[in-house]
Amino acid sequence: GFAKFITNMRVGYMFGKPIQFKYNEDASDNVNPKVDGDLKDFNRKNDEQYHEKVMKTNLSVTGRAYELLYSGEAVEDEDGNVPTPDVKMRAIDPATAFVVYDTSIDQHSLFGVRYYVVNYDNQDQYYVDVYTADTTYHFKSSTTSESPSGDYTLIDQESTNFGAVPLTEFINNENRTGDWEAKLDEIDSYDLAMSEM
């Protein structure tokens, strides 16, 4: 359990005391109560403290973490008014996502991809979501199969108003490695020694 211990220690060290979001004390005269309230409301609705722990756990294990921003469902109220939908954020499994960057020095993100499989009635159906700065495209594999390769059909697309790719990649270090990846050989040797005792 050394790998889990290392990850738990890293996450606990960084987020044992949750991140606080507040204004710079020097600029406290300029605090806008509406912005402050909106920020607290956003963090509460998205369970921000738990979200940060999930993101750090992904960083520690895989060396990468992905965060997706998306619009929630706008529910009509009693008067028939449809409010602006809430912005939500979720951590995406690093094994099922990637971001493609341009070749500039700043490495701007061109688009992000999330892919997943749905097993229904013992049949695998593969899906791919492609996120650009202004549109999200939803693709579905044309046939059910045991492999994700093959033809995909565009089943839906929706516009997004973020003005940037809503799938963001965070990296643990320059090599994009997990916290215990460099120690895998030692962990395996220890496990082998223990199993032979």
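**Figure 1. The second largest pocket of the predicted model and its lining residues.** In this predicted model, the second largest pocket is lined by Ile19, Gln20, Phe21, Leu39, Lys40, Asn43, Asp47, Glu48 and Gln49. The space in this pocket amounts to about 190 Å³. Helices H2 and H3 each supply at least two residues of the lining. The greatest contribution comes from H2, which gives 3 residues. Sorted by class, the lining of the second largest pocket comprises 3 nonpolar, 3 polar and 3 charged residues.

**Figure 2. The largest pocket and the strands that line it.** The largest pocket holds about 370 Å³ of space. Its lining is made up of 18 residues, and those closest to the pocket centre are Tyr70, Ser71, Glu158, Thr160 and Phe162. Four elements are to be noted here: S1, strand S5 (123-131), strand S6 (135-141) and strand S7 (152-159) each supply at least two lining residues. Strand S1 gives the most to this lining, with 4 residues. By class, the residues around the largest pocket are 8 nonpolar, 7 polar and 3 charged.

**Figure 3. The open sheet of 3 strands.** The strands of this open sheet follow the order S2-S1-S8, and their pairing is antiparallel. From one strand to the next, the twist averages 25°.

**Figure 4. The pairing of S1 with S8, and the helix that packs on the sheet.** Strand S1 (residues 64-71) and S8 run antiparallel and are joined by 5 bridges. Within this view, Ala65 stands opposite Phe170 in S8. Helix H3 (residues 48-62) packs on the sheet and touches S1, S2 and S8. The direction of H3 makes about 145° with that of S1.

**Figure 5. The open sheet of 5 strands.** This sheet is antiparallel in its pairing, and its strands are arranged in the order S3-S4-S5-S6-S7. Strands S3 and S7 are found at the edges, where each has a single partner strand, so one side of each is left without a neighbour in the sheet. The twist averages 20° from one strand to the next.

**Figure 6. The pairing of S5 with S6.** Strands S5 and S6 pair in the antiparallel sense, with 5 bridges between them. A pair of facing residues may be located in this view: Val130 stands opposite Tyr137 in S6.

**Figure 7. Two loop residues with positive phi.** Gln107 lies in the loop between S3 and strand S4 (109-120). The phi angle of Gln107 is near 50°, a positive value in a residue other than glycine. Arg176 is placed in the loop between S8 and helix H4 (184-196). For Arg176, phi is near 55°, which is likewise a positive value in a residue other than glycine.

**Figure 8. Confidence of the prediction along the chain.** The chain has a mean pLDDT of 86, and 90% of its residues reach 70 or more. Among the elements of the chain, confidence is highest in strand S3 (residues 97-101), at 96. The lowest confidence belongs to helix H2 (residues 33-45), with a mean of 85. Where pLDDT is low, predicted coordinates should not be read in detail.

Note on methods: Residues numbered from 1 in each chain as written. Predicted model: local features only at pLDDT ≥ 70, side-chain atom pairs only at ≥ 80, totals over all residues. Heavy atoms only, no water. Pairing = 2+ DSSP bridges. Axes fitted to C-alpha atoms, helices over the stretch in contact; angles between N-to-C directions. Contact = heavy atoms within 4.5 Å. pLDDT = per-residue confidence, 0-100. 1 Å grid on protein atoms, 1.4 Å probe; cavity = no way out; pocket = protein on both sides within 12 Å on 5 of 7 lines; lining within 4 Å. Points joined across faces, edges and corners; volume = space filled by probe spheres on them. Nonpolar A, V, L, I, M, F, W, Y, C, P; charged D, E, K, R; others polar.
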